[in-house]
Amino acid sequence: MDNIIWECEKLSKRYGKKVALDGIDLRLEKGKIIGLLGPNGSGKTTLIKLSNGLLAPSRGKIRIDGHNIGVETKKVVSYLPERTYLEDGLKVYQIVELFQDFYEDFDASVAYDMLKDLKINPELRLRTLSKGTKEKVQLILVMSRRAKLYMLDEPIGGVDPAARDYILETIIKNYNPEASIVISTHLIHDIETILEDVVFIQDGHILLHKSVDEIREEEGKSIDEYFREVYRC
Amino acid sequence: MAWEFDNDRPIYAQILEYIMVDIVSGKYNPGDKLPSVRELAQTAAVNPNTMQKALTELERMGMVHTERTAGRYITEDLEKIQRARLNIAKKHAVVFIKKMKELGYSKTEINDLLQKHIELWEAEVNG
């Protein structure tokens with residue numbers, strides 16, 4: 001019980017008649033980097049939004065670090081949404097200040113170090129940045145919190161390979177053995193080696209929850225190859 | 001530069017082999033301190049827990065040992081290192097021989113071919 005950071009029980013979410021999540025049970029452990037993998041429309045984003053209180057479950061419940069979703073869980077979860085929500089008119093350093101005011105666990109020096117590494121000028125207005133650079137800024141903000149659980153919804157979708165390598169390096173470098181990171185993606189090949197566990201999700205059901213090396217050992221395949229096989233149309 | 005991994009085997013086993021080669025080839029000397037788990041994980045671009053698992057296995061094999069809180073060190077047992085080196089070399093040799101047999105080469109032909117290519121290779125390396 002103690003080593004569980006995230007758990008849900010009989011969790012369902014419907015949008016009208018469409019069932020996005022169909023009574024799932026899942027427990028995620030502390031200190032792990034977990035891949036939430038599934039094709040588009042499988043329920044990944046719904047699961048992450050429910051975890052961050054942006055949606056309410058139709059049935060069932062989620063607990064994070066022993067709490068129901070609310071103020072207490074928002075303190076410990078650092079969330080990277082699929083789409084940017086940052087105010088376009090602000091300068092990068094103003095957003096850093098905003099985060100510093102907003103989150104007790106935010107470390108501005110970490111954020112400025114990463115901005116420097118990625119050669120992003122804090123004086124620039126967000127509006128003037130490319131799509132990929134905006135995504136990097138957002139990920140930097142999220143990774144600069146000392147959270148217990150990071151939930152990253154498609155963090156590497158729009159960035160170039162060099163930035164992707166830097167992002168993965170950043171995730172490993174800032175890794176705190178107590179914290180967990182959930183990364184949702186369909187670009188498995190790029191992040192496979194940094195994952196410890198994977199959860200396969202399809203049509204609102206959990207297909208499998210296993211360690212990467214277990215799957216490689218049992219199937220003699222990479223997660224990427226196995227994924228393609230499981231989800232073959 | 002991230003390490004390259006084959007698809008069909010566990011990552012921890014391949015990390016273990018990389019570090020083994022670094023030990024037997026002399027990249028690390030006997031008694032050298034290994035970088036921390038985090039540093040190694042970053043270099044290899046792998047999950048720190050997977051790196052930890054590989055190191056634990058190397059420890060079980062006696063190739064590295066932990067000094068309380070001071071970190072991990074390469075074994076000073078030279079004989080052990082030589083044995084590990086020979087084992088790795090043997091494995092490569094067996095794979096090579098199997099492939100040559102598949103191509104229908106005889107023992108003498110394999111020997112001649114090896115001899116010739118060692119000389120070519122040395123000539124190239126020495127300019």
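Modeller: Start with Arg216(A). In this predicted model, Arg216(A) touches residues of both chains, leaving aside those up to four places away in sequence. In chain A, the partners are Glu192(A), Lys221(A) and Ser222(A). In chain B, they are Asp6(B), Asn7(B), Asp8(B), Arg9(B), Pro10(B), Ile11(B) and Gln14(B). Arg216(A) sits in helix α8 of chain A, which covers residues 212-219. Is Arg216(A) buried or exposed? Arg216(A) has a relative accessible area of 3%. Buried means under 20%, so Arg216(A) counts as buried.

Strand β10 of chain A covers residues 205-211. It belongs to an open sheet of 6 strands. The order is β6-β7-β8-β3-β9-β10, in chain A, and the pairing is mixed. Where are the edges? They are β6 (77-80) and β10 of chain A. Each edge strand has a single partner, so one side of each lacks a neighbour in the sheet. From one strand to the next, the twist averages 15°.

Within this sheet, look at β7 and β8. Strand β7 of chain A runs over residues 149-153, and β8 of chain A over 180-185. These two pair in the parallel sense, over 5 bridges. Leu149(A) stands opposite Ser180(A) in β8(A).

The loop between β9 (197-202) and β10 of chain A holds Asp203(A). Its phi is near 45°, a positive value in a residue other than glycine. Asp203(A) is exposed, with a relative accessible area of 56%. Ala45(B) lies in the loop between α2 (37-44) and α3 (48-60) of chain B.

How many cavities of 30 Å³ or more does the structure hold? There are 3. Which elements supply at least two lining residues each? They are β2 (18-29), β3 (33-37) and α1 (44-51) of chain A. The most comes from α1(A), with 3 residues. By class, the lining has 10 nonpolar residues, 1 polar and no charged ones.

Two further chain A residues are worth a look. Arg14(A) lies in strand β1, residues 4-15 of chain A. Arg14(A) is partly exposed, at a relative accessible area of 48%. Beyond four places in sequence, Arg14(A) touches Val19(A), Ala20(A) and Ser58(A). Arg14(A) and Arg59(A) are 45 residues apart in sequence, with 9.0 Å between their C-alpha atoms.

Gly60(A) lies in strand β4 of chain A, residues 59-64. Gly60(A) is partly exposed, with a relative accessible area of 41%. Neighbours within four places aside, Gly60(A) is in contact with Glu9(A), Lys10(A) and Leu11(A). From Gly60(A) to Asp22(A), the C-alpha separation is 10.0 Å, across 38 residues along the chain.

Conventions. Residues are numbered from 1 along each chain as its sequence is written. Chains are lettered from A and ligands numbered from 1 in the order in which they are written. This is a predicted model: local features need pLDDT of at least 70, side-chain atom pairs count only at pLDDT 80 or more; totals for chains, interfaces and linings use all residues. Side-chain values use heavy atoms; hydrogens and water are left out. On a 1 Å grid over the protein atoms alone, a cavity is a set of points where a 1.4 Å probe fits but cannot get out, and a pocket is an open set with protein on both sides within 12 Å along at least five of seven lines; lining residues have an atom within 4 Å of a point. Grid points are joined across faces, edges and corners, and a volume is the space filled by probe spheres set on the points. Helices (H or I, at least four residues) and strands (E, at least two) are DSSP runs, numbered from the N terminus. Ala, Val, Leu, Ile, Met, Phe, Trp, Tyr, Cys and Pro count as nonpolar, Asp, Glu, Lys and Arg as charged, and the others, Gly among them, as polar. Two strands pair if DSSP finds at least two bridges between them. Axes are lines fitted to C-alpha atoms, for helices over the stretch in contact, and angles run from 0 to 180 degrees between N-to-C directions. Buried means under 20% relative accessible area, exposed over 50%, partly exposed in between (1.4 Å probe, protein chains only). Contact means heavy atoms within 4.5 Å.
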